[in-house]
Amino acid sequence: MSWRLWVPLFAFALFVGLAAYQLTQPKDDFVESRMVGEALPYFDLPPAMEGAEGISNATFADGKPRLLNIWASWCLPCIAEAPHLESLKEQGAEIVGVAIRDRPEDIARFLARHGNPYSRIGRDDLSEVQLAIGSSGVPETFVIDGKGVIRYQHIGDIRADDVPVLLAELEKVR
Amino acid sequence: MIRALVSSIVLALAIPLAAQQSMPPAPYAYRQLDDPAQEAAAQDLMETLRCLTCQSQSIADSDAPMAGDMRHQVRIRIAAGESPGEIRSWLMQRYGDYVSYKPEVSSTTWPLFAIPLLLVLVVGVVLLGRFRRRA
């Protein structure tokens, strides 16, 4: 029997092995923004509710690093994230919020129930800022340095162990 | 009594759904452009862009709110005179290859195009060899 007979079987086994290996690897569904390292593009958002201040890209260019939090009152992981945003704020981080496709009364109700960690909240009804900075979902959090350059992206809700990471990223660009 | 119970359960189930869908879609999410040529260009471009939240649909196909917002962007930019290529590269700049829903040869995707050709070539050579031997 020629050794060549074994070649197809070997090739098939190789393929199955490769597929099995890939199947056991954790799936990464995150779409990372290519805008990390780039300056915030121009935008100007109206205040998200009565008594709040709106935001624009110029808000971020005053020398102070900030967190830009993309969220919405209809987003369930945002509720889980709320206490961790609060603790970031307590540890000195300034957090600016962008509310995606949201109503002022819903935003006010959410903040009254889960706390308001934001210094300003803008309203983005058309996901314009989200698209402009390469964010693909809610919630996401960006570290913006004092010149208005995007330095870091956190995808998904902030958990307890993400808090020191974000604080360190803020410290890095200070 | 039962009817009241059932309707209250149905209502309670409907609240979270209503909360997410209570905002009207972006103006040009479902509205076509007035100029048919521009709308055709926008439609062609939308077929080649991937919905970011549903991922296996083009934004032309998807009813996700974010896909609606992306269609709005595409249509107002086309209406403002931007070329489809410019809009496409604006999105690729932000989301990388992920947002592309059109197969393109690049430094990472070339094996997908090269391997089938290579296989056909190998098969051709093998078959040629066999036919020759027989003849």
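**Cores, a helix pair and a chain contact**

A:Ala99 touches A:Ala48, A:Trp71, A:Ala72, A:Ile107, A:Ile121, A:Arg123 and A:Asp124, leaving aside residues up to four places away in sequence. Two residues are in contact if their C-beta atoms, placed from the backbone, lie within 7 Å.

The model is predicted: local features need pLDDT of at least 70, side-chain atom pairs count only at pLDDT 80 or more, and totals for chains, interfaces and linings use all residues. Residues are numbered from 1 along each chain as its sequence is written, and chains are lettered from A and ligands numbered from 1 in the order in which they are written.

A:Ala99 belongs to the largest nonpolar core, which has 41 residues. A:Leu67, A:Ala72 and A:Ala99 touch the most other members. Such a core is a set of buried Ala, Val, Leu, Ile, Met, Phe, Trp, Tyr and Cys residues joined through C-beta atoms within 7 Å. Buried means that 20 or more other C-beta atoms lie within 10 Å of the residue's own; exposed means 12 or fewer, and partly exposed is in between. The elements of chain A giving two or more residues to this core include β3 (66-71), α2 (76-90), β4 (95-100) and α5 (162-172). β4(A) gives the largest share, five residues. Apart from this core lies another, of 18 residues, with B:Met66, B:Ala67, B:Met70 and B:Ile87 among them.

Now to chain B. Chain B has five helices and zero strands. Helices (H or I, at least four residues) and strands (E, at least two) are DSSP runs, numbered from the N terminus. Of the 135 residues in chain B, 20% are buried.

Helices α2 (residues 36-47) and α3 (residues 65-79) of chain B pack at an angle of about 140 degrees, with their axes 9 Å apart. That makes α2(B) oblique to α3(B): angles under 35 degrees count as roughly parallel, over 145 as roughly antiparallel, 65 to 115 as roughly perpendicular and the rest as oblique. Axes are lines fitted to C-alpha atoms, for helices over the stretch in contact, and angles run from 0 to 180 degrees between N-to-C directions. On α2(B), the contact residues include B:Ala41 and B:Leu45; on α3(B), they include B:Val74 and B:Ile78.

How many residues of chain B are in contact with chain A? There are 18, and they meet 14 residues of chain A. On the chain B side, α1 (2-21), α3 and α4 (84-95) each supply at least two residues. The largest share, six residues, comes from α3(B).
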